Amino acid sequence: MQCPYFDANICRSCTQMGVPYTQQVQAKDAEARALLSPFGEIDWLEPVASAEEGFRNKAKIVVAGSVQEPTLGIVNPRTGIGSDLSECGLYEPALSAMMPVFRALIQRAQLTPYNIKTQKGELKNILVTLSPNGASMVRFVLRSKKLLVPIRREIQRLQAEIPGLTVVSVNLLREPIALVEGAEEIILTEAQTLPMQLSELSLHLRPQSFFQTNTAIADALYHQGREWVAQAAPRSLWDLYCGVGGFGLHAATVLDGAAEVTGIEVSSEAIASAQRTAGELKLENMHFEAADATEFALAAAPVDYPELLVVNPPRRGIGEKLADWVQTSGIQTVIYSSCNVRSLAKDLECMPGFRVAKARVLDMFPQTNHYEVITLLERKK
Ligand SMILES: C[S@@+](CC[C@H](N)C(=O)[O-])C[C@H]1O[C@@H](n2cnc3c(N)ncnc32)[C@H](O)[C@@H]1O
């Protein structure tokens, strides 16, 4: 793939830009094999490749410049000058098609871009998520409520210009800090949740809930997890760091109510999303709770420990405390899905009672050196 922003040195996020895609996948697979080789005689499954462009289901757009000439992309933290990346080739085509609509909206409704140097202006970011069925969620991150009314007035027109626009919200990030979003969310549409239509399930996604970046690869990931869960046929399962419940809900459908499934996640909005999906699917033995994963595990009574544990932590991994708990818990089977093979390897060092039986690389992030690796851990005999 070729990218004019990369070639012109405007954006260098895609560190593998220009490297042939098959070579990228091979390199990721080789790296994962090398870093996980100390942890068992691993049965490596074929890596899952992605579309090499047009795969991103979300855009985190930093708005800068002026009302007349806004930039939709990134901002230089030193100078406060924005660079427009609205034609980024990683976006799904329907996301790219929204960019002129946002530009025209900013101009028409006078949504003054925030300037990080002068700390003046209102509109900081626009966060967009797209479902495969064309539904979308658009969130405007603002410094204050000043633009709430002008944005509310524009919703009908926006929904006419963006077919499938389901959820619109305003997020308040009052502090002058380099975060993507703040804690306060005001949903402006009747719909509060975006249905993310996957091949088997439709997962609900409320604002402030994490969803994987690449929907096709997320779908493949949940299928892989579900296959291993079906083979293990546990009577109980925990999905720690469950987000909106992708692993746990797929597992529950294959276990067909025969197992108690518990999902734990720190974001209460993600938990509300997961509960809604479980309710729609009428999954009775499914329980979701907003909690810190490590605190939840350490506070549980041994009689409640699950037969199978799924963990899918952020880049930092599960950390020593939770890894030590898994090591001594007596749990026999763990599915550990990681977006950072290095923190996975570090966690595995704290779990010497386990071997990696199977593993698979899934290329969630083409054009970068990041990827997802899912592993099946079995307790050594
Ligand atoms: C890589 S995402 C995975 C989410 C989910 N498994 C999925 O497939 O979409 C990691 C999740 O961990 C959550 N998280 C971060 N720190 C946490 C903690 N200390 N305890 C529980 N969940 C946490 C994040 O909010 C995020 O939803």
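How many residues does the hairpin that joins β9 to β10 go through? Keep that one in mind; the reply comes in point 4.

Before we start, some ground rules. This is a predicted model, so a few limits apply: local features need pLDDT of at least 70, side-chain atom pairs count only at pLDDT 80 or more, and totals for chains, interfaces and linings use all residues. Residues are numbered from 1 along each chain as its sequence is written.

1. **Two domains.** The chain splits into domain 1 (4–52 + 211–379) and domain 2 (58–191); these bounds come from an automatic or database domain assignment. Taken over C-alpha atoms, the centres of the two domains are 30 Å apart. Where they meet, 7 residues of domain 1 are in contact with 8 residues of domain 2. "In contact" says that the C-beta atoms of two residues, placed from the backbone, lie within 7 Å. On the side of domain 1 that touches domain 2 you'll find 4 nonpolar, 3 polar and no charged residues. For these classes, Ala, Val, Leu, Ile, Met, Phe, Trp, Tyr, Cys and Pro count as nonpolar, Asp, Glu, Lys and Arg as charged, and the others, Gly among them, as polar.

2. **The open sheet.** A word on names: helices (H or I, at least four residues) and strands (E, at least two) are DSSP runs, numbered from the N terminus. Here 8 strands make an open sheet, with mixed pairing, in the order β1-β16-β17-β15-β14-β11-β12-β13. Two strands pair if DSSP finds at least two bridges between them. β1 (43–44) and β13 (286–290) stand at the edges with a single partner strand each, so one side of each has no neighbour in the sheet. Inside the sheet, β16 (residues 354–362) and β17 (residues 372–379) run antiparallel and are joined by 8 bridges. To find one of these on screen, look at Phe354: its bridge partner in β17 is Arg379.

3. **Helices on the sheet.** α7 packs on the sheet and touches β11 (236–240), β12, β13 and β14 (308–311). The direction of α7 makes about 170 degrees with that of β12. Helix α8 (residues 268–280) lies across β12 and β13, at about 165 degrees to β13. For these angles, axes are lines fitted to C-alpha atoms, for helices over the stretch in contact, and the angles run from 0 to 180 degrees between N-to-C directions.

4. **The hairpin.** Back to the opening: the hairpin joins β9 to β10 through 4 residues. β9 (residues 194–197) and β10 (residues 202–205) pair in the antiparallel sense over 4 bridges. Pro195 has His204 as its bridge partner in β10.

5. **How covered is α7?** Mostly: 8 of its 10 residues are buried, where buried stands for 20 or more other C-beta atoms within 10 Å of a residue's own, exposed for 12 or fewer, and partly exposed for anything in between, with C-beta atoms placed from the backbone. The buried residues include Phe247, Leu249, His250 and Leu255. Just after α7, Asp256 takes a positive phi of about 55 degrees.

6. **Around the ligand.** Which residues are closest to the ligand? They are Phe210, Tyr241, Gly243, Ala293 and Asn312, out of 19 that surround it. To count as near, a residue needs its C-beta atom, placed from the backbone, within 6 Å of the molecule or strand in question. By class, this shell has 12 nonpolar, 5 polar and 2 charged residues. α7 (246–255) and β12 (260–265) each supply at least two residues of the shell.

7. **Two loop residues with positive phi.** Asn9, in the loop between α1 (4–7) and α2 (21–36), has a phi near 65 degrees, a positive value in a residue other than glycine. Asn9 counts as exposed because it has 7 C-beta neighbours inside 10 Å. Gln110 sits in the loop between α4 (99–108) and β5 (123–130), and its phi is about 55 degrees, positive although it is not a glycine. Gln110 is partly exposed, with 13 other C-beta atoms within 10 Å.

8. **One more loop residue.** Is Gln16 buried or partly exposed? Gln16 has 19 other C-beta atoms within 10 Å, so it is partly exposed. Gln16 lies in the loop between α1 and α2. Leaving out residues up to four places away in sequence, Gln16 touches Gln24, Gln367, Thr368 and Asn369.
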